Amino acid sequence: MRRKPLIAGNWKMYKTKDDALAFIYAVNVEVPDKDVVESVICAPAIFLKDLVKREGENLRIGAQNMHYAEEGAYTGEISAAMLKSYGVDYVIVGHSERRAYFNETDETVNLKLISAVNVDITPIVCVGESLEIREAGTTNQVVKKQIEKAYLNVSAQDALKTVVAYEPIWAIGTGVTATPEQANETIIAIRSVIKKLYNEEVSEQIRILYGGSVNTKNVDSLLSMSDIDGALVGGASLDPNSFLTLVRAALK
Ligand SMILES: O=C(CO)COP(=O)(O)O
């Protein structure tokens, strides 16, 4: 069964306001029909309001993080409901940079996933292994644990409202991409974990992206694999033409 492809840019901590707006003006009218490919830009929180205001018919805006609590005394934090009230449709949860530098854990990933789905924001749930784990041959076990913990107490119905991104840490920002076969193999393993947690229908319908040094040159071969439904892209999502090439690759 073919799932609708999703290409999400993760701008991380790049761009200033003028660059961000120039990007949106450049890509807005060019992105393909959202019924065919979902095109998403996950921007720094401070840009979200301006970007959502200017998003065109086919481009969607996402956040890169949120707090898991509904509200509360959490100075400096942003809730899912706040994002929703500004028209944000997606949020990245559990990115490896947040796990490494900001104490994101499997437990907070789980709570954030639940909070996002509760307000109808699609969480893009990131999992992935370090080089050490890949070399030790235990990738599938590590990713399995991450998925099981992320989806704890999440119903099948809600799981279908989420997207998974498999991002091997060793491939992020390094220029080293997992081979299409490696990426597909791990994504198939993720699907089988989801099948065990839920059922065949959820595992067949849930979208699983690959992320880690995706660029205009390797995107075709990655997207041609059976179980890769799209890409979560850092560096190559910053340039409008490059981003457009990536979303157009999902049309093929
Ligand atoms: O972390 C990533 C997307 O979330 C991947 O980043 P790069 O595409 O720059 O490797």
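# A predicted model with a closed barrel of strands

Strand β6 and strand β7 (residues 207–211) run parallel and are joined by four bridges. Two strands are taken as paired when DSSP finds at least two bridges between them. Strands (E, at least two residues) and helices (H or I, at least four residues) are DSSP runs, numbered from the N terminus. The structure is a predicted model, in which local features need pLDDT of at least 70 and side-chain atom pairs count only at pLDDT 80 or more, while totals for chains, interfaces and linings use all residues. Residues are numbered from 1 along each chain as its sequence is written.

## The barrel

The strands β1-β2-β3-β4-β5-β6-β7-β8 form a closed barrel of eight strands with parallel pairing. On average, neighbouring strands of this sheet are turned by 25 degrees against each other, with direction ignored. Strands of a sheet pair through backbone hydrogen bonds, either parallel or antiparallel.

| Strand pair | Bridges | Direction |
|---|---|---|
| β5 (residues 122–127) and β6 | Four bridges | β5 and β6 parallel |
| β6 and β7 (residues 207–211) | Four bridges | β6 and β7 parallel |
| β7 and β8 | Two bridges | β7 and β8 parallel |
| β1 (residues 6–10) and β8 | Four bridges | β1 and β8 parallel |

Strand β6 covers residues 163–166. V163 and A165 point one way from this strand, V164 and Y166 point the other way, and all are buried. A residue counts as buried if 20 or more other C-beta atoms lie within 10 Å of its own, as exposed if there are 12 or fewer, and as partly exposed in between, with C-beta atoms placed from the backbone. In a regular strand the side chains alternate between the two faces of the sheet. On the β7 side, V164 has I208 as its bridge partner.

Strand β8 (residues 230–233) also has side chains pointing two ways: G230 and L232 one way, A231 and V233 the other, and all are buried. L232 stands opposite G211, whereas A231 is the bridge partner of I7.

Helix α2 lies across β2 (38–42) and β3 (59–63), and it runs at about 160 degrees to β3. Axes here are lines fitted to C-alpha atoms, for helices over the stretch in contact, and angles run from 0 to 180 degrees between N-to-C directions.

L51 belongs to helix α2 (residues 45–54). This residue counts as buried because it has 24 C-beta neighbours inside 10 Å. Leaving aside residues up to four places away in sequence, L51 touches A20, I24, I41, A43 and I61. Two residues are in contact if their C-beta atoms, placed from the backbone, lie within 7 Å. L51 and V88 are 37 residues apart in sequence, and their C-alpha atoms are 9.4 Å apart in space.

## Two helix pairs

Two packed helices are described by the angle between their axes and the distance between the axes. Helix α5 (residues 106–118) and helix α7 (residues 139–150) have axes that come within 8 Å and cross at roughly 45 degrees. The angle therefore makes α5 oblique to α7. Angles under 35 degrees count as roughly parallel, over 145 as roughly antiparallel, 65 to 115 as roughly perpendicular and the rest as oblique. The crossing of α5 and α7 is right-handed. A crossing is right-handed if the near helix is turned clockwise from the far one by less than a right angle, and left-handed if anticlockwise. D106, E107, V109, N110 and L113 of α5 make the contact with Q146, K149 and A150 of α7. By class, this contact of α5 with α7 has three nonpolar, two polar and three charged residues. Ala, Val, Leu, Ile, Met, Phe, Trp, Tyr, Cys and Pro count as nonpolar, Asp, Glu, Lys and Arg as charged, and the others, Gly among them, as polar.

Helix α1 (residues 17–28) packs against helix α12 (residues 240–249) at an angle of about 40 degrees, with their axes 9 Å apart. That angle makes α1 oblique to α12. The crossing of α1 and α12 is right-handed. F23, A26 and V27 of α1 meet P240, F243 and L244 of α12 in this contact. By class, the contact of α1 with α12 has six nonpolar, no polar and no charged residues.

## Two loop residues with positive phi

Most residues other than glycine have a negative phi, and most peptide bonds are trans. N103, which is not a glycine, has a positive phi of about 60 degrees. N103 lies in the loop between α4 (96–101) and α5, and N103 is exposed, with 8 other C-beta atoms within 10 Å. D120, also not a glycine, has a positive phi of about 70 degrees. D120 is placed in the loop between α5 and β5, and D120 counts as exposed with 10 C-beta neighbours inside 10 Å.
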